[in-house]
Amino acid sequence: MHTPWTDFREQMPVTQNWAYFDHAAVAPLCGPARSAISTWLVEASEQGDTCWPQWEQTAQQTRQTAAAMLGADAAEIAITPNTTAGLALVAEGFPWQSGDNVVTLENEFPSNLYPWMNLARQGVEARTVAVEQGRADVQRILDACDDRTRLISVSWVGYASGWRFTSADLRALVDGAHRRGALFLLDAIQGLGVFPLDVRQTGIDFLAADGHKWMLGPEGAGLFYLRREHLETLRPLGVGWNSVRQSHDFGRVELNLRETAERYEGGTRNMSGAIGLGASLQLLAGKGLTPQASPVAERVLELADDAHQRLTAAGAEMLSPHDGEHRSGILTFRLGDEDPAAQRRRCLDQGVVLSCRGGGLRISPHAYNNAADLDRLLAALQQPAS
């Protein structure tokens with residue numbers, strides 16, 4: 001039976017070799033991204049820069065597609081090398097004063113901790129909020145704020161726990177931050193590409209994500225969103241020829257910064273990455289992903305629920321919560337007493353890809369995965385240790 005998900009699967013070449021459950025780490029490139037990058041490679045090697053105007057047009061379409069996916073304006077989107085680069089634009093560009101603080105979670109991925117810890121030299125405190133059994137608490141985050149809190153920065157989905165803030169949670173965090181005179185930054189890398197997110201409705205001030213996980217794009221091409229009213233809030237970093245309005249008039253040296261987020265793209269972009277990311281975003285949009293709805297998310301949760309039931313029946317101890325609206329495509333578990341790293345190696349030998357995170361094994365299925373992939377996963381996990 002042909003379904004939208006078998007069509008999706010046909011556009012994922014990795015399925016020819018692997019049962020791939022590692023999208024929360026580095027996802028395989030989708031077929032459209034591979035084709036787009038392959039075309040660029042041929043043009044770049046055979047035509048040189050004569051194709052540059054067309055490449056630039058395609059890269060700008062990537063910006064448009066990303067903006068449409070978020071309910072943003074294209075002027076609010078910068079194409080960045082990765083999530084860390086987007087977080088750094090806020091960490092290094094915000095007008096901090098000694099005595100300010102940032103509130104985040106204790107179980108964040110290091111990229112959403114180190115930038116704030118690095119502000120200690122400026123007298124800025126990084127406050128981390130305790131997380132119990134992987135479940136983040138909105139009120140506990142807000143209670144950690146005071147009149148010197150300038151920013152709340154949290155991950156949409158916990159990289160090890162899989163706990164996801166709902167849209168209502170995000171609105172509550174944003175509203176609570178704004179009432180306290182603070183802004184809100186979302187590290188969206190573990191949700192963007194699957195779950196719907198409307199930056200207008202939620203009121204998010206800043207967002208950072210890379211394309212190499214759930215968006216099925218290449219490494220080195222990510223997205224940064226800032227609400228346009230904050231364009232003058234952040235000190236421009238990495239200013240270069242592409243930061244100014246007269247970007248291609250090299251003889252006119254005047255610091256007229258662009259009135260868009262593109263001012264943060266100071267020099268030559270990762271053109272192949274931007275082109276590949278655009279192709280993968282168009283694939284996901286074609287599967288119904290919008291700011292308000294996502295059949296992709298429904299399919300991912302269906303697969304994650306099935307995996308949760310089958311792992312539990314096999315005797316696995318689930319280390320990450322998998323509760324109601326807070327579910328995501330990430331599941332962390334232990335199965336038996338064997339070292340998770342050894343179990344992972346055995347799975348790889350059986351053609352199954354997963355990670356070690358949070359003290360156990362972590363799987364993260366995407367919408368193109370199917371029941372046969374889950375069968376391979378369970379069979380590989382139940383292989384006796386050699």
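Buried denotes a relative accessible area under 20%, exposed one over 50%, and partly exposed the range in between (1.4 Å probe, protein chains only). The model is predicted, so local features need pLDDT of at least 70 and side-chain atom pairs count only at pLDDT 80 or more, whereas totals for chains, interfaces and linings use all residues. Residues are numbered from 1 along each chain as its sequence is written, and side-chain values use heavy atoms, with hydrogens and water left out.

**View 1. Arg362 in strand β13.** Arg362 belongs to strand β13 (residues 360-363); helices (H or I, at least four residues) and strands (E, at least two) are DSSP runs numbered from the N terminus. With a relative accessible area of 1%, Arg362 is buried. Its side chain reaches two backbone oxygens, that of Tyr159 at 2.8 Å and that of Ala24 at 3.4 Å. Both are polar contacts, defined as a pair of N or O atoms within 3.5 Å; within protein, one must be able to donate a hydrogen and the other to accept it, and residues adjacent in sequence count only if both atoms are side-chain atoms. Beyond four places in sequence, Arg362 touches residues including Phe21, Asp22, Gln190, Ile330 and Leu354, where contact means heavy atoms within 4.5 Å.

View 2. To the contact, domain 1 contributes 38 residues and domain 2 contributes 35 residues. The largest pocket lies between domain 1 and domain 2, because both give residues to its lining. A pocket is an open set of points on a 1 Å grid over the protein atoms alone, where a 1.4 Å probe fits, with protein on both sides within 12 Å along at least five of seven lines; lining residues have an atom within 4 Å of a point. About 340 Å³ of space lies in this largest pocket. Its lining comprises 28 residues, of which Phe109, Tyr159, Asp187, Ile189 and Gln190 are the closest to the centre. Grid points are joined across faces, edges and corners, and the volume is the space filled by probe spheres set on them. By class, the lining of the largest pocket holds 11 nonpolar, 11 polar and six charged residues. Ala, Val, Leu, Ile, Met, Phe, Trp, Tyr, Cys and Pro count as nonpolar, Asp, Glu, Lys and Arg as charged, and the others, Gly among them, as polar.

**View 3. The second largest pocket.** The second largest pocket holds about 220 Å³ of space. Ile79, Thr80, Pro81, Tyr264 and Glu265 are the closest to its centre among the 15 lining residues. Two or more lining residues come from each of β2 (77-80) and α4 (83-93). Seven nonpolar, six polar and two charged residues make up the lining of the second largest pocket.

**View 4. Helix α4 and its packing.** Asn82 caps the N-terminal end of α4, with a side-chain oxygen 3.3 Å from the backbone nitrogen of Thr84. The buried residues of α4 are Thr83, Gly86, Leu87, Leu89, Val90, Ala91 and Gly93. These buried residues pack against β2, α5 (114-117), β5 (149-155), β6 (183-187), β7 and β8.

**View 5. Phe206 in strand β7.** Phe206 lies in strand β7 (residues 206-210) and, at 0% relative accessibility, counts as buried. Its contacts beyond four places in sequence include Val90, Leu151, Phe184, Phe224 and His230. Phe206 and Ser153 are 53 residues apart in sequence and 9.1 Å apart in space, C-alpha to C-alpha.

**View 6. Arg269 in the loop between β8 and α9.** Arg269 is placed between β8 (222-226) and α9 (271-286). At 16% relative accessibility, Arg269 counts as buried. The side chains of Arg269 and Glu56 are joined by a polar contact of 3.0 Å. Arg269 also touches, among others, Gln60, Arg63, Ile79, Asn242 and Glu262.

**View 7. Two loop residues with positive phi.** Gln133, in the loop between β4 and α6, has a phi near 55 degrees, a positive value in a residue other than glycine. Leu216, in the loop between β7 and β8, has a phi near 65 degrees, likewise positive in a residue other than glycine. Gln133 is exposed, with a relative accessible area of 65%, whereas Leu216 is buried at 0%.

Technical notes
Domains from an automatic or database assignment.
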